[in-house]
Amino acid sequence: MEQNQGRRCLNRLLNEFGWAGPDKKTLIEKHALPTSIFLDCMGMKVHVSIEGSGPDVVMIHGFAANLHTWSDVCAHMSKQFRIIRFDLPPFGLTGPALDEQGNIRKMDVAFYQQFVDAVLNELQIKKCVMIGNSFGGFLSWDQAQRHPERVRGLIISDAVGYQQPLPIYITLFTIKPIAWLTRYTVPAFLLRMAVRDVYGDKSKLKKEVLERYLELFMHKPNRSAVGKMVGVFTDGELGSERLSEIQCKTLIVWGGNDRWVSIEMAGRFNRDIPNSELKVYREVGHIPMEETPDRFAADCISFIESL
């Protein structure tokens with residue numbers, strides 16, 4: 001009995017620092033959806049979920065998240081639309097992008113532009129509404145600007161688009177010694193703090209959601225690659241001057257209590273995107289689609305129906 005308790009304590013300790021945990025097969029068995037497929041794209045097996053029927057709606061998550069961030073919203077919207085969502089590399093069940101030698105490659109803005117193009121082309125998405133949160137918000141407005149023939153409507157939530165001070169939890173990964181250290185360990189308490197920090201009302205964070213964030217992010221190949229992608233926030237390649245070229249109607253949704261991307265950025269998006277409207281959810285944090293999914297889904301449906 002004491003020996004078993006000792007093993008459990010040791011496993012918990014190893015998990016806390018990312019030295020143990022489920023392998024990829026176990027993660028897929030646990031976190032893949034009945035609607036999941038693994039798409040061969042750019043040398044990766046990209047985790048994609050497609051559900052519902054109707055006009056196409058593409059949803060893109062943000063930094064350190066995964067396609068599950070849309071699950072509650074998707075439950076509402078898939079009754080009227082075909083919802084396409086996928087895990088961005090190096091997160092979720094997609095994992096990192098590798099070069100020809102099998103090493104983790106740099107994932108910069110150009111890489112992510114190519115990646116989103118490739119996934120949508122492979123899935124033959126000809127016309128869609130893009131919905132994106134945080135870094136996924138950037139990728140959504142970027143897609144709308146570069147491919148106006150594809151994107152008929154745009155919804156961005158707490159999106160990245162302008163140079164600004166980074167949250168400490170992202171800044172840490174831009175420090176080279178820490179980025180190097182993530183190949184070996186990341187303290188789980190930091191990730192718990194980060195996930196709680198994106199909620200305006202921390203009591204709305206479900207235990208199983210927090211555990212899923214931990215399991216998928218702490219998976220060694222995923223966490224080891226984060227230092228290879230955080231440059232998207234610091235390299236000055238976002239190109240906010242392109243926002244004025246977005247042609248489609250746009251809905252901007254923002255959490256009034258967002259501690260990661262300032263509410264001031266919402267006003268800038270609203271000014272810079274020509275045909276846009278802004279909705280602010282007071283007391284809500286950085287991920288409104290998780291914190292208040294019913295309201296978020298209702299606003300998305302109403303907006304799409306107006307197109």
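**Close-up 1. Helix 4 crosses helix 5 at roughly 70°.** In this predicted model, the axes of helix 4 (residues 109-122) and helix 5 (residues 135-146) come within 11 Å. Axes here are lines fitted to C-alpha atoms over the stretch in contact, with angles from 0 to 180 degrees between N-to-C directions. Helix 4 is therefore roughly perpendicular to helix 5 (the term covers 65 to 115 degrees). Helices are DSSP runs of H or I with at least four residues, numbered from the N terminus. Residues are numbered from 1 along each chain as its sequence is written. Local features need pLDDT of at least 70, side-chain atom pairs count only at pLDDT 80 or more, and side-chain values use heavy atoms, without hydrogens and water.

**Close-up 2. Here are the residues where helix 4 meets helix 5.** Helix 4 brings Val-109, Tyr-112, Gln-113, Val-116, Asp-117 and Leu-120 to the contact (heavy atoms within 4.5 Å). From helix 5 come Phe-135, Phe-138, Leu-139, Asp-142, Gln-143 and Arg-146.

**Close-up 3. Cys-41 is a buried cysteine.** Its relative accessibility is 6%, and buried means under 20% relative accessible area with a 1.4 Å probe, protein chains only. The closest cysteine sulfur to that of Cys-41 belongs to Cys-128, 15 Å away and too far for a bond.

**Close-up 4. Cys-300 is buried too, with a relative accessible area of 1%.** Its sulfur lies 11 Å from the closest cysteine sulfur, in Cys-74, which is too far for a bond. Searching the whole structure turns up zero disulfides (pairs of cysteine sulfur atoms within 2.5 Å).

Definitions and conventions
Helix = DSSP H or I, 4+ residues; strand = E, 2+ residues; numbered from the N terminus. Parallel < 35°, antiparallel > 145°, perpendicular 65-115°, else oblique. Buried < 20%, exposed > 50% of the residue type's maximum accessible area, 1.4 Å probe, protein only.
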